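Thanks for coming, everyone. Please have the sequence and the model open while I talk.

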Amino acid sequence: RDRIIDTTPAVHAFVVEAPWWKTPWVIGLTGVLVGLVGVQTVRVVRRERRLQEANQTLQKQTEDLGTSNQALSEANKELFQANQALQRDRAVERIRGEVQAMDQASDFERVLSLLSEDLKTVGLSFDTCGIEVLDEPVDEPTMAHFEAYGYRYTAYTIDPDGTVASNSYHIPAPFRPVDLEILERFIAGKPWQGRSEQTAILEVPASNYGRLRITSSERQDFTEEDIASLQDFASAIALGYARYLDIREIQEQTEKKSAFLASMPHDLRTPMNAIKGFTNLVLGRRSENLTERQRGNLEKVTQASDQLLAMINDLLDLSKIEAGQM
């Protein structure tokens, strides 16, 4: 400003008379700056608006993505459940098919051995698996029945590798508290689950024949799907045990028949030989003292004896065939 005052008196007078911020060049420069600030402000506002719109769009896309992910998660969950249900149905049908193919009582243990693999297929891995079935099933089991006849049952244990072992028991009344709890659950006929130390236990009825039980130390409890799966398997195993009882009864009746056929022909052949022998003796030695009618009757006795003796020999042969001796 000193140089301006020294070299330009007119400007000096102007500066002296008016404040510097009211000079034209300051006003012009201020206008320019205000204009630039206004333009920049407009740009900033536009940028902020575009940024806000972009954020809103991004937020909406994120929400849509979250909804899509949730829908996809639900779809995957439903797909997993459907696949698990399909595997369960296939496993149960496999057990039922093996039950229908049973033709010997010992085949029941083979069905139980397959149960081990099928349980793991549907996600029911276990530490121990077992089924307790009544030796003589009753239509409506009651505590009075068990107190009168005792608790007679066979326990089948199934290892995770499919090995099956069985033991039969007879527990007479009065029952211990632990046996009473088992009998009460058996009579109630409902699923039950509990824990023993670090092991989860699930038990379901197998019709009115017994109870199917699994234990697992890898879980805290069992879900509703687990209970439904084990109930389906228990129903199939109950059908297998019913078929086992029928086959066992047929085999017992067959063994009784074979024992009868093995003893009865011998018992019949002895008197038949006596009848035939004495008839031939009368016809040979005393034939001259017989009338024609008497001789004809004795010859009929001889013929009938020969026919019966042939039938007896056939029964003996049949008993040998059943015993595997022919």
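Let's begin with a word I will need. Two residues touch, or are in contact, when they have heavy atoms within 4.5 Å. Keep in mind that this is a predicted model.

Now use that word on Thr128. Which residues does Thr128 touch, leaving out those up to four places away in sequence? They are Ile158, Arg213, Ile214 and Thr215. Thr128 sits in strand β1, residues 128-134. Its C-alpha is 6.0 Å from the C-alpha of Asp159, yet Thr128 and Asp159 are 31 residues apart in sequence. Is Thr128 buried, exposed or partly exposed? Its relative accessibility is 44%, so Thr128 counts as partly exposed.

Step back to the whole chain. There are 8 helices and 6 strands. From the N terminus, the order is α-α-α-α-β-α-β-β-α-β-β-β-α-α. The chain has 326 residues, and 29% of them are buried. Take the contacts between residues at least 6 apart in sequence: 57% of them join residues at least 24 apart.

Next, a pair of helices. Helix α4 covers residues 107-121, and helix α7 covers residues 224-285. Their axes come within 10 Å and cross at roughly 170°. An angle over 145 degrees counts as roughly antiparallel, so α4 is roughly antiparallel to α7. Who makes the contact? On the α4 side, Phe108, Val111, Leu112, Leu115, Asp118 and Leu119. On the α7 side, Leu230, Phe233, Ile237, Gly240, Tyr241 and Tyr244. By type, that contact has 10 nonpolar residues, 1 polar and 1 charged.

Stay with α4. It has 15 residues. From first C-alpha to last it reaches 22 Å, close to the expected 21 Å. Its buried residues are Asp107, Phe108, Val111, Leu112, Leu114, Leu115, Ser116, Asp118 and Leu119. Just after α4 comes Gly123, with a positive phi of about 85°.

Now for helix α6, residues 177-188. It has 12 residues and spans 16 Å, close to the 16 Å expected. Which residues of α6 are buried? Asp179, Ile182, Leu183, Arg185 and Phe186. They lie on the same side of α6, because they cover an arc of only 160° around the axis. Just after α6, Gly189 takes a positive phi of about 70°.

The peptide bond joining Ala173 and Pro174 is cis, with omega about 0°.

One is Glu197, with phi of about 60°. Where is Glu197? In the loop between β4, residues 192-196, and β5, residues 199-206. Glu197 has 73% relative accessibility, so it counts as exposed. The other is Ser207, where phi is about 55°. Ser207 lies in the loop between β5 and β6, residues 210-216. Is Ser207 exposed or partly exposed? Exposed would need over 50%. Ser207 has a relative accessible area of 48%, so it is partly exposed.

That's my tour. Questions, please.

Definitions and conventions: Residues are numbered from 1 along each chain as its sequence is written. This is a predicted model: local features need pLDDT of at least 70, side-chain atom pairs count only at pLDDT 80 or more; totals for chains, interfaces and linings use all residues. Side-chain values use heavy atoms; hydrogens and water are left out. Helices (H or I, at least four residues) and strands (E, at least two) are DSSP runs, numbered from the N terminus. Buried means under 20% relative accessible area, exposed over 50%, partly exposed in between (1.4 Å probe, protein chains only). The expected span of a helix is 1.5 Å times one less than its number of residues. The arc is that of the directions from the helix axis to the C-beta atoms. Axes are lines fitted to C-alpha atoms, for helices over the stretch in contact, and angles run from 0 to 180 degrees between N-to-C directions. Angles under 35 degrees count as roughly parallel, over 145 as roughly antiparallel, 65 to 115 as roughly perpendicular and the rest as oblique. Ala, Val, Leu, Ile, Met, Phe, Trp, Tyr, Cys and Pro count as nonpolar, Asp, Glu, Lys and Arg as charged, and the others, Gly among them, as polar.
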